[in-house]
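Colleague: Could you take me through this model? I would like to ask about it piece by piece.

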Amino acid sequence: MAEEEELFDLLIPPGVPRSAIRAIIEKYDVDLVDRAEQLNFANMEGDTRYLLAFRGKKEVLVEAEKDLRAMVREFIGED
């Protein structure tokens with residue numbers, strides 16, 4: 001039986017442009033998934049929301065996160 005490699009999720013913050021999400025999916029070996037997360041801040045204590053995430057190998061997600069941050073900074077005009 002082949003040992004399966006552990007996969008990780010990189011949550012995508014609400015508001016990330018679709019173009020950035022698409023670019024990450026095209027560039028990296030990741031899957032786009034939705035994941036239930038309990039939110040515990042402000043008046044949302046205990047609320048469950050479905051958030052998008054990239055799923056893949058840890059080393060791939062580390063690189064994808066760097067690119068995603070750069071794309072979001074460019075989108076909002078932050079240097």
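Colleague: Which residues of helix H1 are buried?

Modeller: This is a predicted model. In helix H1, which covers residues 18-27, the buried residues are Ala20, Ile21 and Ile24. Viewed down the axis of H1, these buried residues fall within an arc of 100°, so they line one face of the helix.

Colleague: Why do residues three or four places apart point the same way?

Modeller: An α-helix has 3.6 residues a turn, so residues with that spacing point the same way.

Colleague: What is exposed on the other side of H1?

Modeller: Arg18 and Glu26 are exposed there.

Colleague: Let me step back. How many helices and strands does the chain have?

Modeller: The chain has 2 helices and 3 strands. Along the sequence they follow the pattern β-α-β-β-α.

Colleague: How much of the chain counts as buried?

Modeller: The chain has 79 residues, and 27% of them count as buried. Its accessible surface comes to about 6,200 Å². Carbon and sulfur atoms account for 49% of that surface.

Colleague: Which residues make the nonpolar surface patch?

Modeller: Ile25, Leu32 and Leu52 make a nonpolar patch of about 220 Å². Leu32 belongs to strand E2. With a relative accessible area of 41%, Leu32 is partly exposed.

Colleague: Changing topic to charges: how many salt bridges are there?

Modeller: The count comes to 7 salt bridges. Side chains of opposite charge can pair when their charged atoms come close. One of the salt bridges joins the side chains of Arg35 and Asp9, at 3.2 Å from N to O. Arg35 lies in strand E2 (residues 31-39) and Asp9 in strand E1 (residues 8-11), so this pair ties together parts that are 26 residues apart in sequence.

Colleague: Are those two buried, exposed or partly exposed, and what are the values for Arg35 and Asp9?

Modeller: Arg35 is partly exposed, with a relative accessible area of 28%. Asp9 is also partly exposed, at 24%.

Colleague: Which salt bridge does Asp9 form with an arginine at 2.6 Å?

Modeller: The side chain of Asp9 meets that of Arg55 in a salt bridge, with 2.6 Å from N to O. Asp9 is in strand E1 and Arg55 in strand E3 (residues 47-56), so the pair ties together parts that are 46 residues apart in sequence. Arg55 counts as partly exposed, at 31% relative accessibility.

Colleague: Where does Glu37 come in, and which residue is its salt-bridge partner?

Modeller: Glu37 forms a salt bridge with Arg35, and the closest N and O atoms are 2.6 Å apart. Glu37 lies in strand E2. Taken as a group, Asp9, Arg35, Glu37 and Arg55 are linked in a network of salt bridges.

Colleague: What else does Glu37 touch, leaving out residues up to four places away in sequence?

Modeller: With those residues left out, Glu37 touches Leu11, Asp47, Thr48, Arg49 and Leu51.

Colleague: Leu11 is on that list. Where is Leu11 placed?

Modeller: Leu11 is in strand E1. It is partly exposed, with a relative accessible area of 31%. Not counting residues up to four places away in sequence, Leu11 touches Arg35, Glu37, Leu51, Leu52 and Ala53. Leu11 and Leu51 are 40 residues apart along the chain, and their C-alpha atoms are separated by 7.0 Å.

Colleague: What about Asp31: which residues does it touch, again not counting those up to four places away in sequence?

Modeller: Asp31 touches Ala53, Phe54 and Arg55 on that basis. Asp31 is found in strand E2. Its C-alpha atom is separated by 9.3 Å from that of Asp9, 22 residues apart along the chain.

Colleague: One last point. Among contacts between residues at least 6 apart in sequence, what share joins residues at least 24 apart?

Modeller: For the chain, that share is 61%.

Definitions and conventions. Residues are numbered from 1 along each chain as its sequence is written. This is a predicted model: local features need pLDDT of at least 70, side-chain atom pairs count only at pLDDT 80 or more; totals for chains, interfaces and linings use all residues. Side-chain values use heavy atoms; hydrogens and water are left out. A salt bridge is a side-chain nitrogen of Lys or Arg within 4 Å of a carboxyl oxygen of Asp or Glu. Helices (H or I, at least four residues) and strands (E, at least two) are DSSP runs, numbered from the N terminus. Buried means under 20% relative accessible area, exposed over 50%, partly exposed in between (1.4 Å probe, protein chains only). Contact means heavy atoms within 4.5 Å. Accessible areas come from the Shrake-Rupley method with a 1.4 Å probe; for residues, only the protein chains shown count as cover. Patches are made of residues with over 30% relative accessible area and no salt bridge: like charges are joined within 9 Å, nonpolar side chains (Val, Leu, Ile, Met, Phe, Trp, Tyr) within 5 Å. The arc is that of the directions from the helix axis to the C-beta atoms.
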